[in-house]
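Welcome! Here is a short tour for anyone meeting this structure for the very first time. Take a look at it below, and then read on.

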Amino acid sequence: MSPRLYFLVWFAVAVSAGVLWLLGSFTLTVGVVFGFIAFGLTFAGMMNVLPIMVSHQNHPEEQVPIKVKAVKVPHRTATVRARMA
(Lines give C-alpha, C1' and ligand atoms only; values in the text may rest on other atoms or scores of the structure.)
Protein backbone atom coordinates (compact mmCIF):
# COMPACT_ATOMS: atom_id res chain seq x y z
CA MET A 1 0.00 0.00 0.00
CA SER A 2 1.45 3.32 -0.97
CA PRO A 3 1.59 6.12 1.61
CA ARG A 4 -0.56 8.32 -0.62
CA LEU A 5 -3.35 5.74 -0.74
CA TYR A 6 -3.00 5.08 3.00
CA PHE A 7 -3.43 8.75 3.90
CA LEU A 8 -6.31 9.05 1.42
CA VAL A 9 -8.11 6.20 3.22
CA TRP A 10 -7.54 7.93 6.57
CA PHE A 11 -8.91 11.15 5.09
CA ALA A 12 -12.01 9.37 3.76
CA VAL A 13 -12.66 7.75 7.15
CA ALA A 14 -12.26 11.08 8.93
CA VAL A 15 -14.58 12.88 6.49
CA SER A 16 -17.24 10.19 6.73
CA ALA A 17 -17.03 10.25 10.55
CA GLY A 18 -17.38 14.04 10.48
CA VAL A 19 -20.39 13.89 8.18
CA LEU A 20 -22.08 11.29 10.39
CA TRP A 21 -21.38 13.41 13.47
CA LEU A 22 -22.78 16.55 11.86
CA LEU A 23 -25.94 14.69 10.78
CA GLY A 24 -26.43 13.35 14.29
CA SER A 25 -26.08 9.70 13.25
CA PHE A 26 -22.82 9.03 15.08
CA THR A 27 -24.14 6.61 17.71
CA LEU A 28 -22.10 4.46 20.08
CA THR A 29 -22.30 1.50 17.72
CA VAL A 30 -21.05 3.61 14.84
CA GLY A 31 -18.25 4.84 17.11
CA VAL A 32 -17.22 1.26 17.84
CA VAL A 33 -17.18 0.48 14.12
CA PHE A 34 -15.00 3.51 13.45
CA GLY A 35 -12.75 2.41 16.30
CA PHE A 36 -12.25 -0.98 14.65
CA ILE A 37 -11.53 0.74 11.34
CA ALA A 38 -8.97 3.05 13.01
CA PHE A 39 -7.37 0.07 14.76
CA GLY A 40 -7.02 -1.77 11.46
CA LEU A 41 -5.67 1.26 9.63
CA THR A 42 -3.10 1.90 12.37
CA PHE A 43 -1.65 -1.59 12.13
CA ALA A 44 -1.88 -1.58 8.34
CA GLY A 45 0.24 1.55 8.45
CA MET A 46 2.77 -0.13 10.72
CA MET A 47 3.09 -3.14 8.43
CA ASN A 48 2.89 -1.50 5.02
CA VAL A 49 3.61 2.22 5.15
CA LEU A 50 6.09 2.66 8.00
CA PRO A 51 8.91 0.60 6.40
CA ILE A 52 8.56 2.61 3.20
CA MET A 53 8.59 5.94 5.03
CA VAL A 54 11.67 5.28 7.20
CA SER A 55 13.94 3.44 4.75
CA HIS A 56 16.63 5.20 2.72
CA GLN A 57 16.64 3.59 -0.70
CA ASN A 58 17.93 6.56 -2.70
CA HIS A 59 21.49 6.53 -1.38
CA PRO A 60 23.87 3.89 -2.74
CA GLU A 61 25.90 2.07 -0.13
CA GLU A 62 29.49 3.17 0.09
CA GLN A 63 32.18 0.50 -0.16
CA VAL A 64 34.38 0.93 2.90
CA PRO A 65 37.59 -1.11 2.91
CA ILE A 66 37.78 -3.42 5.90
CA LYS A 67 41.08 -3.57 7.75
CA VAL A 68 41.75 -6.99 9.24
CA LYS A 69 44.40 -7.49 11.88
CA ALA A 70 45.64 -11.00 12.57
CA VAL A 71 45.75 -11.94 16.22
CA LYS A 72 47.79 -14.88 17.47
CA VAL A 73 45.87 -17.03 19.93
CA PRO A 74 47.93 -19.18 22.28
CA HIS A 75 47.19 -22.87 21.95
CA ARG A 76 46.52 -24.84 25.11
CA THR A 77 48.23 -28.20 25.15
CA ALA A 78 47.11 -29.36 28.57
CA THR A 79 43.54 -30.56 28.90
CA VAL A 80 41.52 -31.31 32.00
CA ARG A 81 39.48 -34.49 32.12
CA ALA A 82 36.94 -35.43 34.71
CA ARG A 83 37.38 -38.85 36.29
CA MET A 84 34.44 -41.17 36.20
CA ALA A 85 34.16 -42.90 39.58
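Let us begin on the surface. M1, L5, L8, V9, F11, V15, V19 and L23 together form a nonpolar surface patch with about 750 Å² of accessible area. A patch here joins residues that have over 30% relative accessible area and no salt bridge, with nonpolar side chains (Val, Leu, Ile, Met, Phe, Trp, Tyr) linked within 5 Å and like charges within 9 Å. A salt bridge would be a side-chain nitrogen of Lys or Arg within 4 Å of a carboxyl oxygen of Asp or Glu. Areas are computed by the Shrake-Rupley method with a 1.4 Å probe, and for residues only the protein chains shown count as cover.

This is a predicted model, in which local features need pLDDT of at least 70 and side-chain atom pairs count only at pLDDT 80 or more, while totals for chains, interfaces and linings use all residues. Residues are numbered from 1 along each chain as its sequence is written, and side-chain values use heavy atoms, leaving out hydrogens and water.

Now for the overall picture. The protein chain has two helices and zero strands; these are DSSP runs numbered from the N terminus (helices: H or I, at least four residues; strands: E, at least two). Of its 85 residues, 11% are buried. The chain's accessible surface comes to about 8400 Å², and carbon and sulfur atoms account for 68% of that.

How do the axes of helix 1 and helix 2 cross? They come within 10 Å and cross at roughly 165°, with helix 2 covering residues 28-54. That makes helix 1 roughly antiparallel to helix 2 (angles over 145 degrees count as such). The axes are lines fitted to C-alpha atoms over the stretch in contact, with angles from 0 to 180 degrees between N-to-C directions.

Some residue pairs are apart in sequence, and their C-alpha distances are given here.

| Pair | Apart in sequence | C-alpha to C-alpha |
|---|---|---|
| Y6 and G45 | 39 residues | 7.3 Å |
| V9 and L41 | 32 residues | 8.5 Å |
| A38 and A14 | 24 residues | 9.6 Å |

How open are some of these positions? Buried means under 20% relative accessible area, exposed over 50%, and partly exposed in between (1.4 Å probe, protein chains only). Y6, in helix 1, counts as buried at 8%. V9 also lies in helix 1 and is partly exposed at 31%. A38 belongs to helix 2 and is partly exposed at 23%. L23, from the patch, sits in helix 1 (residues 3-23) and is exposed at 64%.

Key. Parallel < 35°, antiparallel > 145°, perpendicular 65-115°, else oblique.
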